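Thanks for making the time this morning. I would like to walk through one model with you, beginning with a loop and ending with the chain as a whole.

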Amino acid sequence: MEGCGDFVQCLLPDMSIKILSCLDDPADLIRVSAVSSSWRQFVIGNDLCKHLCLKRFPEISSVGNMIEVENTVVPVVSQPEKSTEWLCLERNHRVYAFLSRGLSNCITEDCLIDAIHASSTDNYPEESILNTLKPGDRVERRASYWSSGGQSDPTVPETLTYKLISKLCLISEIHVQPFQAYFQFGFPIYSATAVRFRVGHPNVKIDVESDNGLESVAAQARSFCDKIVWTYTSPEFPLVQENILQKFKLPEPVLCIGGILQVELLGRVQKQQLDGLYYIWSVPLLMICRPQNSN
(Lines give C-alpha, C1' and ligand atoms only; values in the text may rest on other atoms or scores of the structure.)
Protein backbone atom coordinates (compact mmCIF):
# COMPACT_ATOMS: atom_id res chain seq x y z
CA MET A 1 0.00 0.00 0.00
CA GLU A 2 3.05 2.28 0.41
CA GLY A 3 3.00 5.05 -2.16
CA CYS A 4 -0.54 4.22 -3.29
CA GLY A 5 -3.46 6.31 -2.03
CA ASP A 6 -6.27 4.52 -3.88
CA PHE A 7 -7.20 1.47 -1.82
CA VAL A 8 -10.07 0.63 -4.21
CA GLN A 9 -7.53 -0.17 -6.92
CA CYS A 10 -5.03 -1.80 -4.57
CA LEU A 11 -7.35 -4.13 -2.62
CA LEU A 12 -9.52 -6.95 -3.83
CA PRO A 13 -13.09 -5.82 -4.65
CA ASP A 14 -14.61 -7.78 -1.74
CA MET A 15 -12.35 -6.01 0.76
CA SER A 16 -13.13 -2.57 -0.71
CA ILE A 17 -16.86 -3.33 -0.53
CA LYS A 18 -16.47 -4.40 3.10
CA ILE A 19 -14.68 -1.14 3.95
CA LEU A 20 -17.21 1.11 2.19
CA SER A 21 -20.11 -0.86 3.69
CA CYS A 22 -19.03 0.46 7.10
CA LEU A 23 -20.39 3.86 6.09
CA ASP A 24 -23.85 4.44 7.58
CA ASP A 25 -24.54 7.98 6.36
CA PRO A 26 -25.86 8.22 2.77
CA ALA A 27 -24.14 11.61 2.38
CA ASP A 28 -20.76 9.98 3.04
CA LEU A 29 -21.34 7.42 0.31
CA ILE A 30 -22.26 10.18 -2.15
CA ARG A 31 -19.03 12.00 -1.23
CA VAL A 32 -17.08 8.79 -1.84
CA SER A 33 -18.55 8.52 -5.34
CA ALA A 34 -17.40 12.08 -6.04
CA VAL A 35 -13.74 11.44 -5.14
CA SER A 36 -12.76 10.13 -8.56
CA SER A 37 -14.21 8.45 -11.63
CA SER A 38 -12.87 5.06 -10.51
CA TRP A 39 -14.51 5.39 -7.06
CA ARG A 40 -17.76 6.49 -8.68
CA GLN A 41 -17.69 3.46 -10.98
CA PHE A 42 -16.97 1.21 -8.01
CA VAL A 43 -19.84 2.63 -5.90
CA ILE A 44 -22.32 2.46 -8.79
CA GLY A 45 -21.15 -0.87 -10.16
CA ASN A 46 -21.56 -2.61 -6.81
CA ASP A 47 -24.95 -1.01 -5.95
CA LEU A 48 -23.54 0.37 -2.68
CA CYS A 49 -26.24 3.07 -2.39
CA LYS A 50 -28.92 0.42 -2.75
CA HIS A 51 -27.31 -1.86 -0.15
CA LEU A 52 -26.96 1.01 2.35
CA CYS A 53 -30.55 2.18 1.79
CA LEU A 54 -32.02 -1.31 2.25
CA LYS A 55 -29.85 -1.93 5.30
CA ARG A 56 -31.22 1.21 6.98
CA PHE A 57 -34.77 0.97 5.59
CA PRO A 58 -35.55 -2.69 4.79
CA GLU A 59 -39.26 -1.83 4.59
CA ILE A 60 -38.86 -0.29 1.12
CA SER A 61 -37.34 -3.38 -0.53
CA SER A 62 -40.62 -4.19 -2.26
CA VAL A 63 -41.11 -0.74 -3.78
CA GLY A 64 -37.63 0.56 -4.50
CA ASN A 65 -37.58 -0.40 -8.16
CA MET A 66 -40.99 1.18 -8.82
CA ILE A 67 -40.19 4.68 -7.53
CA GLU A 68 -40.43 7.57 -9.95
CA VAL A 69 -41.55 11.00 -8.79
CA GLU A 70 -41.96 13.46 -11.64
CA ASN A 71 -38.57 15.18 -11.97
CA THR A 72 -37.08 13.92 -8.73
CA VAL A 73 -35.54 10.91 -10.46
CA VAL A 74 -34.19 12.11 -13.80
CA PRO A 75 -34.40 9.49 -16.59
CA VAL A 76 -31.04 8.28 -17.83
CA VAL A 77 -30.15 9.63 -21.26
CA SER A 78 -28.90 6.78 -23.43
CA GLN A 79 -25.24 7.11 -24.42
CA PRO A 80 -23.67 4.85 -27.08
CA GLU A 81 -20.59 4.06 -24.95
CA LYS A 82 -22.65 2.84 -21.96
CA SER A 83 -24.31 -0.56 -21.79
CA THR A 84 -27.95 -1.00 -20.80
CA GLU A 85 -26.81 -2.73 -17.62
CA TRP A 86 -24.64 0.23 -16.62
CA LEU A 87 -27.46 2.70 -17.30
CA CYS A 88 -29.70 0.67 -14.97
CA LEU A 89 -27.00 0.72 -12.28
CA GLU A 90 -26.67 4.50 -12.61
CA ARG A 91 -30.43 4.90 -12.26
CA ASN A 92 -30.45 2.66 -9.15
CA HIS A 93 -27.66 4.78 -7.70
CA ARG A 94 -29.69 7.97 -8.07
CA VAL A 95 -32.94 6.41 -6.86
CA TYR A 96 -31.50 4.86 -3.71
CA ALA A 97 -29.33 7.90 -2.93
CA PHE A 98 -32.50 10.03 -3.10
CA LEU A 99 -34.40 7.58 -0.89
CA SER A 100 -31.64 7.38 1.70
CA ARG A 101 -31.32 11.15 1.99
CA GLY A 102 -35.06 11.73 2.09
CA LEU A 103 -35.92 9.03 4.61
CA SER A 104 -33.01 9.95 6.87
CA ASN A 105 -34.59 13.39 7.34
CA CYS A 106 -38.00 12.13 8.54
CA ILE A 107 -37.34 9.49 11.20
CA THR A 108 -39.74 10.83 13.80
CA GLU A 109 -42.78 9.94 15.84
CA ASP A 110 -44.76 12.99 14.78
CA CYS A 111 -44.54 13.86 11.11
CA LEU A 112 -47.66 16.04 10.71
CA ILE A 113 -46.49 19.58 10.05
CA ASP A 114 -49.55 21.49 8.75
CA ALA A 115 -53.32 21.16 8.41
CA ILE A 116 -54.59 21.71 4.87
CA HIS A 117 -58.34 21.22 4.96
CA ALA A 118 -61.28 19.74 6.87
CA SER A 119 -64.32 18.68 4.85
CA SER A 120 -66.49 20.66 7.30
CA THR A 121 -66.08 22.68 10.51
CA ASP A 122 -68.86 23.59 12.93
CA ASN A 123 -67.43 26.79 14.42
CA TYR A 124 -64.45 28.33 12.61
CA PRO A 125 -61.77 29.01 13.81
CA GLU A 126 -62.58 27.93 17.39
CA GLU A 127 -63.10 24.30 16.31
CA SER A 128 -60.64 24.29 13.40
CA ILE A 129 -58.59 21.34 12.16
CA LEU A 130 -55.56 23.34 13.36
CA ASN A 131 -56.46 22.23 16.89
CA THR A 132 -55.57 18.63 15.96
CA LEU A 133 -51.92 19.70 15.60
CA LYS A 134 -51.68 20.90 19.20
CA PRO A 135 -50.86 18.48 22.04
CA GLY A 136 -53.63 17.75 24.51
CA ASP A 137 -57.36 18.48 24.49
CA ARG A 138 -57.05 21.78 26.36
CA VAL A 139 -54.99 24.88 25.55
CA GLU A 140 -54.83 27.69 28.12
CA ARG A 141 -57.82 26.21 30.02
CA ARG A 142 -59.87 26.13 26.83
CA ALA A 143 -61.12 22.99 25.11
CA SER A 144 -59.06 22.28 21.98
CA TYR A 145 -60.55 20.01 19.30
CA TRP A 146 -61.86 19.86 15.74
CA SER A 147 -65.61 19.54 15.21
CA SER A 148 -67.36 18.55 12.01
CA GLY A 149 -70.57 20.18 10.89
CA GLY A 150 -73.74 18.53 12.17
CA GLN A 151 -75.60 15.96 10.08
CA SER A 152 -78.98 14.27 10.43
CA ASP A 153 -77.60 11.25 8.52
CA PRO A 154 -75.07 9.32 10.68
CA THR A 155 -73.43 7.75 7.61
CA VAL A 156 -72.05 11.07 6.23
CA PRO A 157 -68.21 10.86 6.35
CA GLU A 158 -65.64 13.57 7.06
CA THR A 159 -62.03 14.04 5.92
CA LEU A 160 -59.04 15.78 7.50
CA THR A 161 -56.14 16.49 5.14
CA TYR A 162 -52.59 17.21 6.31
CA LYS A 163 -49.17 18.12 4.99
CA LEU A 164 -46.36 15.86 6.24
CA ILE A 165 -42.96 16.95 7.48
CA SER A 166 -41.31 15.65 4.31
CA LYS A 167 -42.34 14.80 0.76
CA LEU A 168 -40.87 11.38 1.42
CA CYS A 169 -42.11 9.53 4.51
CA LEU A 170 -42.26 5.88 5.51
CA ILE A 171 -45.46 5.58 7.54
CA SER A 172 -46.17 2.57 9.71
CA GLU A 173 -48.66 3.69 12.36
CA ILE A 174 -51.25 6.43 12.88
CA HIS A 175 -52.91 7.40 16.18
CA VAL A 176 -56.35 8.99 16.50
CA GLN A 177 -58.22 10.13 19.62
CA PRO A 178 -61.93 11.04 19.72
CA PHE A 179 -62.82 14.04 21.85
CA GLN A 180 -64.93 13.77 24.99
CA ALA A 181 -67.13 16.82 25.59
CA TYR A 182 -66.44 17.24 29.30
CA PHE A 183 -68.46 20.48 29.25
CA GLN A 184 -71.70 18.81 28.06
CA PHE A 185 -74.20 16.79 30.11
CA GLY A 186 -73.25 13.11 30.28
CA PHE A 187 -69.74 13.79 28.90
CA PRO A 188 -70.52 12.43 25.40
CA ILE A 189 -67.71 11.19 23.13
CA TYR A 190 -68.10 12.31 19.51
CA SER A 191 -66.36 9.43 17.78
CA ALA A 192 -66.55 8.12 14.24
CA THR A 193 -67.36 4.43 13.82
CA ALA A 194 -64.30 3.73 11.65
CA VAL A 195 -61.23 5.41 10.20
CA ARG A 196 -59.29 5.02 6.96
CA PHE A 197 -56.09 6.66 5.73
CA ARG A 198 -54.91 7.80 2.31
CA VAL A 199 -51.56 9.18 1.17
CA GLY A 200 -50.64 10.90 -2.06
CA HIS A 201 -49.08 13.84 -3.83
CA PRO A 202 -50.51 17.10 -5.20
CA ASN A 203 -50.45 18.45 -8.72
CA VAL A 204 -50.80 22.03 -7.51
CA LYS A 205 -49.20 24.33 -4.94
CA ILE A 206 -50.18 23.71 -1.30
CA ASP A 207 -51.97 26.45 0.65
CA VAL A 208 -52.37 25.36 4.27
CA GLU A 209 -55.30 26.44 6.42
CA SER A 210 -54.80 29.36 8.76
CA ASP A 211 -56.55 31.03 11.67
CA ASN A 212 -57.52 34.13 9.71
CA GLY A 213 -60.89 32.65 8.77
CA LEU A 214 -60.82 33.89 5.17
CA GLU A 215 -63.23 32.01 2.92
CA SER A 216 -60.72 32.23 0.07
CA VAL A 217 -58.27 30.07 2.04
CA ALA A 218 -60.89 27.37 2.58
CA ALA A 219 -61.90 27.51 -1.08
CA GLN A 220 -58.28 27.12 -2.18
CA ALA A 221 -57.86 24.17 0.17
CA ARG A 222 -60.94 22.43 -1.21
CA SER A 223 -59.71 22.95 -4.75
CA PHE A 224 -56.30 21.62 -3.76
CA CYS A 225 -57.77 18.44 -2.22
CA ASP A 226 -59.63 17.73 -5.46
CA LYS A 227 -56.29 17.65 -7.31
CA ILE A 228 -54.40 15.18 -5.12
CA VAL A 229 -53.29 11.90 -6.67
CA TRP A 230 -53.86 9.23 -4.01
CA THR A 231 -51.31 6.43 -4.19
CA TYR A 232 -52.40 4.35 -1.18
CA THR A 233 -55.63 3.72 0.71
CA SER A 234 -55.58 1.73 3.94
CA PRO A 235 -58.18 -0.77 5.11
CA GLU A 236 -60.92 0.50 7.40
CA PHE A 237 -60.12 0.38 11.12
CA PRO A 238 -62.93 0.40 13.72
CA LEU A 239 -62.83 3.28 16.20
CA VAL A 240 -63.82 2.69 19.81
CA GLN A 241 -66.06 5.33 21.37
CA GLU A 242 -63.57 6.12 24.10
CA ASN A 243 -61.49 9.17 24.93
CA ILE A 244 -58.18 7.36 24.44
CA LEU A 245 -55.38 7.51 21.89
CA GLN A 246 -56.16 4.64 19.52
CA LYS A 247 -53.26 3.16 17.55
CA PHE A 248 -53.70 1.84 14.02
CA LYS A 249 -50.77 -0.08 12.57
CA LEU A 250 -50.84 -0.33 8.78
CA PRO A 251 -50.64 -3.85 7.27
CA GLU A 252 -47.15 -2.93 6.08
CA PRO A 253 -45.12 0.31 6.09
CA VAL A 254 -46.29 2.69 3.37
CA LEU A 255 -43.91 4.88 1.41
CA CYS A 256 -45.62 8.25 0.98
CA ILE A 257 -44.13 10.19 -1.93
CA GLY A 258 -45.62 13.66 -2.06
CA GLY A 259 -46.19 14.37 1.62
CA ILE A 260 -50.01 14.42 1.85
CA LEU A 261 -52.10 12.43 4.36
CA GLN A 262 -55.87 12.28 4.51
CA VAL A 263 -57.79 10.83 7.45
CA GLU A 264 -61.27 9.59 6.50
CA LEU A 265 -63.69 9.44 9.43
CA LEU A 266 -66.52 7.08 8.54
CA GLY A 267 -69.87 7.05 10.32
CA ARG A 268 -71.14 8.94 13.38
CA VAL A 269 -72.35 7.60 16.71
CA GLN A 270 -73.11 10.63 18.89
CA LYS A 271 -75.97 13.12 18.65
CA GLN A 272 -75.72 16.53 20.22
CA GLN A 273 -78.66 17.21 22.53
CA LEU A 274 -78.82 20.88 21.57
CA ASP A 275 -79.78 20.32 17.91
CA GLY A 276 -80.26 16.55 17.54
CA LEU A 277 -77.55 16.30 14.86
CA TYR A 278 -74.64 13.88 14.62
CA TYR A 279 -71.09 15.24 14.97
CA ILE A 280 -67.50 13.98 14.92
CA TRP A 281 -65.00 15.66 17.22
CA SER A 282 -61.29 14.85 17.26
CA VAL A 283 -58.19 15.88 19.20
CA PRO A 284 -54.50 15.72 18.13
CA LEU A 285 -53.33 13.06 15.71
CA LEU A 286 -49.92 11.39 15.85
CA MET A 287 -48.02 9.59 13.10
CA ILE A 288 -45.14 7.13 13.40
CA CYS A 289 -42.74 7.33 10.48
CA ARG A 290 -40.75 4.18 11.23
CA PRO A 291 -41.71 0.81 12.73
CA GLN A 292 -40.47 0.68 16.32
CA ASN A 293 -38.67 -2.62 15.69
CA SER A 294 -36.70 -1.31 12.70
CA ASN A 295 -32.92 -1.13 12.77
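Let me start with Glu140, which lies in the loop between strand S2 and strand S3 (142–143), where helices (H or I, at least four residues) and strands (E, at least two) are DSSP runs, numbered from the N terminus. This is a predicted model, in which local features need pLDDT of at least 70 and side-chain atom pairs count only at pLDDT 80 or more, while totals for chains, interfaces and linings use all residues. Residues are numbered from 1 along each chain as its sequence is written, and side-chain values use heavy atoms, with hydrogens and water left out.

Most residues other than glycine have a negative phi, and most peptide bonds are trans. Glu140, however, has a positive phi near 50°, and Glu140 is exposed, with a relative accessible area of 76%; buried here means under 20% relative accessible area, exposed over 50%, and partly exposed in between, with a 1.4 Å probe and protein chains only. Asp47, in the loop between helix H4 (37–45) and H5, also has a positive phi, of about 55°, but Asp47 is buried, at a relative accessible area of 17%. The peptide bond from Tyr124 to Pro125 is cis, with omega near 5°, and Pro125 sits in the loop between S1 and strand S2 (138–139).

Turning to the helices, how do H3 and H5 pack? Helix H3 (residues 26–33) and helix H5 (residues 48–56) pack at an angle of about 175°, with their axes 10 Å apart; axes are lines fitted to C-alpha atoms, for helices over the stretch in contact, and angles run from 0 to 180 degrees between N-to-C directions. That makes H3 roughly antiparallel to H5, a term for angles over 145 degrees. On the H3 side Pro26, Leu29 and Ile30 meet Leu48, Cys49, Leu52 and Arg56 of H5, contact meaning heavy atoms within 4.5 Å.

Strand S5 (residues 158–164) has six of its seven residues buried, so it is largely enclosed by the rest of the structure. Strand S1 (residues 112–118) runs antiparallel to S5, joined by five bridges, and Ala118 has Leu160 in S5 as its bridge partner. S5 also pairs with strand S11 (residues 260–268), in the antiparallel sense over six bridges, with Ile260 in S11 as the bridge partner of Lys163; two strands pair if DSSP finds at least two bridges between them.

Finally, the chain has seven helices and 14 strands, and 45% of its 295 residues count as buried.

Key: Angles under 35 degrees count as roughly parallel, over 145 as roughly antiparallel, 65 to 115 as roughly perpendicular and the rest as oblique.
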